[in-house]
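Dear colleague,

My notes on it follow.

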Amino acid sequence: MATGELTAHGAVPAQRATTWAGLAGRIGLQDLPARDLDSSELQELVATIASDRASWADLVAFDDERRVYASIHRDAHVDVWLLCWTPKNDTGWHDHDTSSGAVAVVTGTLTEHNLRFGGASVATTVEAGRLFSFGPDHIHRLTGTVPQSVSIHAYSPPLWRMGQYAVGGDGVLRRQSVSYADELRPITSRAEQSHDRHAVRSADDDAGARPPEEDGHVSGLTVEEADAVRSWLEHHDFEHVSKRDGESASYGDRQDVWERAGTLIRLTRDRGQWWCDLSRTGEDVWLDVDRIAAAIGSESTVPVGRVADATGSMNARVFWALSSTLDHSP
Ligand SMILES: [Fe+2]
(Lines give C-alpha, C1' and ligand atoms only; values in the text may rest on other atoms or scores of the structure.)
Protein backbone atom coordinates (compact mmCIF):
# COMPACT_ATOMS: atom_id res chain seq x y z
CA MET A 1 0.00 0.00 0.00
CA ALA A 2 1.45 3.33 -0.99
CA THR A 3 0.61 6.80 0.18
CA GLY A 4 1.58 10.03 -1.49
CA GLU A 5 0.76 10.98 -5.03
CA LEU A 6 3.01 8.48 -6.80
CA THR A 7 0.56 5.76 -7.72
CA ALA A 8 2.04 4.02 -10.76
CA HIS A 9 2.44 0.41 -9.69
CA GLY A 10 6.06 -0.64 -9.33
CA ALA A 11 7.44 2.88 -9.40
CA VAL A 12 9.65 2.15 -6.37
CA PRO A 13 11.30 -1.13 -5.27
CA ALA A 14 9.00 -1.81 -2.31
CA GLN A 15 5.99 -1.67 -4.63
CA ARG A 16 7.56 -4.54 -6.56
CA ALA A 17 7.97 -6.68 -3.44
CA THR A 18 7.42 -10.40 -4.00
CA THR A 19 7.16 -13.41 -1.73
CA TRP A 20 10.47 -14.90 -0.70
CA ALA A 21 9.50 -18.44 0.32
CA GLY A 22 9.93 -19.82 -3.20
CA LEU A 23 13.44 -18.34 -3.52
CA ALA A 24 14.82 -19.87 -0.32
CA GLY A 25 17.56 -22.47 -0.71
CA ARG A 26 18.92 -21.37 -4.08
CA ILE A 27 21.93 -19.49 -2.67
CA GLY A 28 23.12 -19.73 0.93
CA LEU A 29 26.20 -18.61 2.85
CA GLN A 30 27.81 -21.99 2.09
CA ASP A 31 27.68 -21.61 -1.69
CA LEU A 32 28.28 -17.93 -2.37
CA PRO A 33 29.93 -17.15 -5.72
CA ALA A 34 33.43 -15.63 -5.45
CA ARG A 35 32.24 -12.34 -6.97
CA ASP A 36 29.73 -9.62 -6.29
CA LEU A 37 26.11 -10.78 -6.34
CA ASP A 38 23.46 -9.42 -8.69
CA SER A 39 19.99 -8.39 -7.64
CA SER A 40 18.41 -11.83 -8.15
CA GLU A 41 21.17 -13.50 -6.17
CA LEU A 42 20.81 -11.02 -3.32
CA GLN A 43 17.09 -11.82 -3.22
CA GLU A 44 17.81 -15.55 -3.12
CA LEU A 45 20.38 -15.08 -0.37
CA VAL A 46 18.10 -13.07 1.95
CA ALA A 47 15.28 -15.56 1.24
CA THR A 48 17.50 -18.47 2.26
CA ILE A 49 18.66 -16.79 5.46
CA ALA A 50 15.17 -15.52 6.28
CA SER A 51 13.87 -19.08 6.10
CA ASP A 52 16.62 -20.36 8.42
CA ARG A 53 15.37 -18.80 11.65
CA ALA A 54 17.49 -21.03 13.86
CA SER A 55 20.64 -19.40 12.48
CA TRP A 56 19.75 -15.93 13.78
CA ALA A 57 16.86 -16.26 16.25
CA ASP A 58 19.10 -15.72 19.28
CA LEU A 59 20.19 -12.32 17.91
CA VAL A 60 16.67 -10.88 17.90
CA ALA A 61 15.96 -8.10 20.38
CA PHE A 62 14.02 -4.85 20.28
CA ASP A 63 14.70 -1.37 21.56
CA ASP A 64 12.75 1.81 20.82
CA GLU A 65 15.79 4.03 21.39
CA ARG A 66 18.57 1.96 19.82
CA ARG A 67 17.56 -0.07 16.80
CA VAL A 68 18.99 -3.54 17.26
CA TYR A 69 21.04 -4.98 14.39
CA ALA A 70 23.62 -7.73 14.03
CA SER A 71 26.10 -8.79 11.37
CA ILE A 72 25.33 -12.29 10.12
CA HIS A 73 28.02 -12.50 7.47
CA ARG A 74 30.62 -10.34 5.77
CA ASP A 75 33.22 -11.14 3.12
CA ALA A 76 34.81 -9.34 0.18
CA HIS A 77 31.62 -9.53 -1.92
CA VAL A 78 28.57 -9.45 0.31
CA ASP A 79 27.45 -8.54 3.82
CA VAL A 80 24.29 -9.72 5.55
CA TRP A 81 22.53 -8.12 8.49
CA LEU A 82 19.67 -8.91 10.82
CA LEU A 83 17.61 -5.83 11.73
CA CYS A 84 14.99 -5.69 14.48
CA TRP A 85 12.36 -2.97 14.43
CA THR A 86 9.87 -1.25 16.66
CA PRO A 87 7.47 1.42 15.30
CA LYS A 88 9.83 4.05 16.74
CA ASN A 89 12.87 2.84 14.79
CA ASP A 90 13.70 4.99 11.77
CA THR A 91 16.77 4.91 9.51
CA GLY A 92 16.32 8.40 8.14
CA TRP A 93 16.92 9.07 4.45
CA HIS A 94 19.99 7.31 3.13
CA ASP A 95 21.70 5.69 0.16
CA HIS A 96 24.02 2.68 0.01
CA ASP A 97 26.87 4.28 -1.95
CA THR A 98 27.98 1.68 -4.54
CA SER A 99 26.10 -1.31 -3.10
CA SER A 100 22.96 -3.03 -4.31
CA GLY A 101 20.72 -4.52 -1.63
CA ALA A 102 17.85 -6.84 -0.87
CA VAL A 103 15.51 -6.83 2.13
CA ALA A 104 13.36 -9.76 3.28
CA VAL A 105 10.77 -9.06 5.96
CA VAL A 106 10.54 -12.07 8.24
CA THR A 107 8.21 -10.90 10.99
CA GLY A 108 5.90 -7.90 11.27
CA THR A 109 5.86 -5.09 8.73
CA LEU A 110 8.31 -2.43 7.54
CA THR A 111 7.55 0.76 5.67
CA GLU A 112 9.83 1.94 2.88
CA HIS A 113 9.67 5.67 2.21
CA ASN A 114 10.82 7.26 -1.04
CA LEU A 115 11.60 10.93 -1.26
CA ARG A 116 9.95 12.99 -3.98
CA PHE A 117 10.51 16.58 -4.97
CA GLY A 118 7.32 18.48 -5.56
CA GLY A 119 5.13 16.06 -3.63
CA ALA A 120 4.71 14.02 -0.50
CA SER A 121 7.10 11.14 -0.03
CA VAL A 122 5.84 7.72 -0.99
CA ALA A 123 5.31 5.20 1.82
CA THR A 124 4.97 1.52 0.98
CA THR A 125 4.37 -1.17 3.57
CA VAL A 126 6.14 -4.49 3.12
CA GLU A 127 4.71 -7.32 5.16
CA ALA A 128 6.27 -10.49 6.52
CA GLY A 129 7.00 -13.02 3.81
CA ARG A 130 7.88 -10.45 1.16
CA LEU A 131 11.15 -9.06 -0.15
CA PHE A 132 12.38 -6.30 -2.40
CA SER A 133 15.74 -5.27 -3.86
CA PHE A 134 17.34 -2.10 -5.13
CA GLY A 135 20.44 -0.81 -6.87
CA PRO A 136 23.09 1.70 -5.83
CA ASP A 137 20.94 4.46 -7.30
CA HIS A 138 18.29 3.96 -4.62
CA ILE A 139 17.59 6.43 -1.79
CA HIS A 140 15.12 5.42 0.88
CA ARG A 141 14.11 5.49 4.50
CA LEU A 142 12.94 2.44 6.42
CA THR A 143 10.75 2.48 9.51
CA GLY A 144 9.26 -0.22 11.66
CA THR A 145 5.50 -0.37 11.25
CA VAL A 146 4.41 -2.82 13.92
CA PRO A 147 6.17 -4.01 17.11
CA GLN A 148 8.68 -6.85 16.87
CA SER A 149 9.34 -6.65 13.14
CA VAL A 150 12.42 -8.47 11.86
CA SER A 151 14.17 -8.25 8.48
CA ILE A 152 17.21 -9.72 6.76
CA HIS A 153 19.32 -7.41 4.55
CA ALA A 154 22.14 -8.28 2.13
CA TYR A 155 24.38 -5.85 0.24
CA SER A 156 26.85 -6.39 -2.59
CA PRO A 157 29.52 -5.19 -2.81
CA PRO A 158 29.58 -5.00 1.01
CA LEU A 159 28.60 -1.68 2.54
CA TRP A 160 31.56 0.55 3.40
CA ARG A 161 30.20 4.04 3.27
CA MET A 162 26.60 5.19 3.10
CA GLY A 163 25.07 8.57 2.46
CA GLN A 164 22.66 9.99 5.00
CA TYR A 165 20.49 12.95 4.09
CA ALA A 166 19.05 15.83 6.05
CA VAL A 167 17.24 19.02 5.14
CA GLY A 168 18.84 22.02 6.83
CA GLY A 169 17.01 24.98 8.29
CA ASP A 170 17.58 26.72 4.95
CA GLY A 171 15.67 23.94 3.19
CA VAL A 172 18.77 22.68 1.41
CA LEU A 173 19.27 18.91 1.16
CA ARG A 174 22.67 17.73 2.35
CA ARG A 175 24.42 14.36 2.22
CA GLN A 176 26.61 13.13 5.05
CA SER A 177 28.92 10.18 4.42
CA VAL A 178 28.76 7.66 7.26
CA SER A 179 30.43 4.33 7.96
CA TYR A 180 28.31 1.24 7.45
CA ALA A 181 29.01 0.42 11.11
CA ASP A 182 27.08 3.49 12.20
CA GLU A 183 23.45 2.92 13.01
CA LEU A 184 21.39 4.86 10.51
CA ARG A 185 18.82 7.13 12.05
CA PRO A 186 17.49 10.58 11.29
CA ILE A 187 20.46 12.92 11.54
CA THR A 188 20.64 14.64 14.91
CA SER A 189 23.85 14.56 16.87
CA ARG A 190 26.70 12.41 15.59
CA ALA A 191 28.18 12.23 19.08
CA GLU A 192 24.91 10.84 20.37
CA GLN A 193 24.80 8.24 17.59
CA SER A 194 28.36 7.16 18.31
CA HIS A 195 27.52 6.70 21.97
CA ASP A 196 24.49 4.59 21.10
CA ARG A 197 26.40 2.39 18.69
CA HIS A 198 29.00 1.47 21.24
CA ALA A 199 26.35 0.83 23.84
CA VAL A 200 24.69 -1.66 21.50
CA ARG A 201 27.93 -3.38 20.58
CA SER A 202 29.07 -3.76 24.16
CA ALA A 203 25.74 -5.17 25.29
CA ASP A 204 26.71 -8.63 24.05
CA ASP A 205 30.13 -8.71 25.68
CA ASP A 206 30.82 -11.82 27.68
CA ALA A 207 30.89 -11.25 31.42
CA GLY A 208 34.62 -11.86 31.60
CA ALA A 209 35.59 -9.85 28.53
CA ARG A 210 37.74 -6.78 28.85
CA PRO A 211 35.51 -3.69 28.69
CA PRO A 212 36.02 -1.40 25.71
CA GLU A 213 37.66 1.94 26.25
CA GLU A 214 35.64 5.13 25.92
CA ASP A 215 35.93 5.11 22.13
CA GLY A 216 34.89 1.45 21.84
CA HIS A 217 38.47 0.28 21.24
CA VAL A 218 39.53 -2.78 23.20
CA SER A 219 42.90 -2.44 24.93
CA GLY A 220 45.98 -4.61 24.36
CA LEU A 221 46.55 -8.33 24.82
CA THR A 222 47.85 -10.11 27.90
CA VAL A 223 50.86 -12.44 27.55
CA GLU A 224 48.48 -15.42 27.52
CA GLU A 225 46.26 -13.87 24.84
CA ALA A 226 49.30 -13.07 22.68
CA ASP A 227 50.46 -16.69 23.05
CA ALA A 228 47.02 -17.88 21.96
CA VAL A 229 47.11 -15.63 18.87
CA ARG A 230 50.63 -16.84 18.02
CA SER A 231 49.49 -20.46 18.28
CA TRP A 232 46.40 -19.79 16.18
CA LEU A 233 48.50 -18.16 13.43
CA GLU A 234 50.92 -21.08 13.31
CA HIS A 235 48.03 -23.55 13.02
CA HIS A 236 46.30 -21.59 10.26
CA ASP A 237 49.02 -21.47 7.59
CA PHE A 238 50.61 -18.19 8.65
CA GLU A 239 54.38 -18.12 8.16
CA HIS A 240 56.59 -16.32 10.69
CA VAL A 241 58.48 -13.88 8.46
CA SER A 242 60.30 -11.50 10.79
CA LYS A 243 61.29 -10.81 14.36
CA ARG A 244 62.65 -7.54 15.63
CA ASP A 245 64.02 -6.77 19.07
CA GLY A 246 64.92 -3.58 20.86
CA GLU A 247 65.57 -0.50 18.78
CA SER A 248 64.95 -2.27 15.46
CA ALA A 249 61.25 -2.39 16.31
CA SER A 250 59.16 0.52 15.01
CA TYR A 251 57.56 0.68 18.44
CA GLY A 252 57.69 -1.41 21.59
CA ASP A 253 60.62 -3.71 22.35
CA ARG A 254 59.70 -6.77 20.31
CA GLN A 255 57.78 -7.31 17.10
CA ASP A 256 56.88 -10.57 15.32
CA VAL A 257 55.29 -10.64 11.88
CA TRP A 258 53.42 -13.51 10.19
CA GLU A 259 52.19 -13.68 6.59
CA ARG A 260 49.51 -15.63 4.76
CA ALA A 261 48.34 -14.88 1.20
CA GLY A 262 49.48 -11.27 1.38
CA THR A 263 47.96 -10.55 4.80
CA LEU A 264 50.44 -9.62 7.53
CA ILE A 265 49.76 -9.96 11.25
CA ARG A 266 52.12 -8.21 13.68
CA LEU A 267 52.36 -8.76 17.42
CA THR A 268 54.17 -5.98 19.26
CA ARG A 269 55.22 -6.02 22.92
CA ASP A 270 55.21 -2.60 24.51
CA ARG A 271 55.73 -2.13 28.25
CA GLY A 272 54.67 -5.68 29.04
CA GLN A 273 51.48 -5.65 26.97
CA TRP A 274 50.97 -7.00 23.45
CA TRP A 275 49.23 -5.31 20.53
CA CYS A 276 48.04 -6.93 17.34
CA ASP A 277 48.05 -5.13 13.97
CA LEU A 278 47.28 -6.15 10.41
CA SER A 279 48.74 -5.00 7.10
CA ARG A 280 49.08 -6.19 3.51
CA THR A 281 52.28 -7.03 1.64
CA GLY A 282 53.60 -3.88 -0.01
CA GLU A 283 51.56 -1.53 2.18
CA ASP A 284 53.13 0.92 4.58
CA VAL A 285 50.16 1.05 6.93
CA TRP A 286 49.24 -1.04 9.97
CA LEU A 287 45.70 -1.20 11.34
CA ASP A 288 44.76 -2.37 14.81
CA VAL A 289 43.06 -5.77 14.59
CA ASP A 290 40.47 -4.80 17.20
CA ARG A 291 39.42 -1.83 15.10
CA ILE A 292 39.23 -3.97 11.95
CA ALA A 293 37.16 -6.55 13.80
CA ALA A 294 34.77 -3.86 15.00
CA ALA A 295 34.52 -2.36 11.51
CA ILE A 296 33.64 -5.66 9.86
CA GLY A 297 31.05 -6.53 12.49
CA SER A 298 32.97 -9.23 14.37
CA GLU A 299 31.21 -10.11 17.58
CA SER A 300 34.10 -12.09 19.03
CA THR A 301 35.20 -10.95 22.47
CA VAL A 302 38.54 -12.78 22.50
CA PRO A 303 41.68 -11.76 20.58
CA VAL A 304 41.98 -15.06 18.70
CA GLY A 305 38.43 -14.71 17.42
CA ARG A 306 39.01 -11.12 16.34
CA VAL A 307 42.22 -12.10 14.50
CA ALA A 308 40.35 -14.97 12.80
CA ASP A 309 37.50 -12.68 11.75
CA ALA A 310 39.82 -9.89 10.58
CA THR A 311 42.06 -12.18 8.53
CA GLY A 312 39.18 -14.28 7.22
CA SER A 313 37.59 -11.41 5.32
CA MET A 314 40.80 -9.60 4.34
CA ASN A 315 42.03 -8.86 0.85
CA ALA A 316 43.67 -5.89 -0.83
CA ARG A 317 40.37 -4.17 -1.58
CA VAL A 318 39.03 -4.59 1.95
CA PHE A 319 42.32 -3.37 3.42
CA TRP A 320 42.34 -0.33 1.18
CA ALA A 321 38.79 0.57 2.20
CA LEU A 322 39.52 0.12 5.90
CA SER A 323 42.80 2.02 5.77
CA SER A 324 40.93 5.05 4.46
CA THR A 325 38.57 5.08 7.45
CA LEU A 326 40.47 3.66 10.44
CA ASP A 327 43.26 5.22 12.45
CA HIS A 328 46.67 3.81 11.57
CA SER A 329 48.99 2.14 14.04
CA PRO A 330 52.54 3.46 14.48
FE1 LIG B 1 18.85 1.07 3.33
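A residue is called buried when its relative accessible area is under 20%, exposed when it is over 50%, and partly exposed in between (1.4 Å probe, protein chains only). Helices (H or I, at least four residues) and strands (E, at least two) are DSSP runs, numbered from the N terminus.

The model is predicted: local features need pLDDT of at least 70 and side-chain atom pairs count only at pLDDT 80 or more, while totals for chains, interfaces and linings use all residues. Residues are numbered from 1 along each chain as its sequence is written, and side-chain values use heavy atoms, with hydrogens and water left out.

Helix α1

Ten of the 13 residues of α1 are buried, so the helix is largely enclosed by the rest of the structure. The buried set runs E41, L42, Q43, E44, L45, V46, A47, T48, I49 and A50. Among the elements that cover these residues are β3 (68–74), β6 (100–107) and β11 (149–156).

Salt bridges

The structure holds ten salt bridges, each defined as a side-chain nitrogen of Lys or Arg within 4 Å of a carboxyl oxygen of Asp or Glu. One of them joins R35 to E41 (2.7 Å, N to O); R35 is partly exposed at 39% relative accessibility, whereas E41 is buried at 13%. In another, D79 meets R74 at 2.9 Å, N to O, and both of these residues are buried. D90 also pairs with R141, their closest N and O atoms being 2.7 Å apart. That pair links distant parts of the chain, with D90 in the loop between β4 and β5 (94–95) and R141 in strand β10 (residues 139–144), 51 residues apart.

H94 is buried at 3% relative accessibility, and H96 is buried at 0%.

Nonpolar cores

A nonpolar core is a set of buried Ala, Val, Leu, Ile, Met, Phe, Trp, Tyr and Cys residues joined through side-chain atoms within 4.5 Å. The largest has 46 residues, of which I292 and L322 touch the most other members. A second, separate core of 23 residues includes I49, V80, A102 and L131.

Yours sincerely

Definitions and conventions. Contact = heavy atoms within 4.5 Å.
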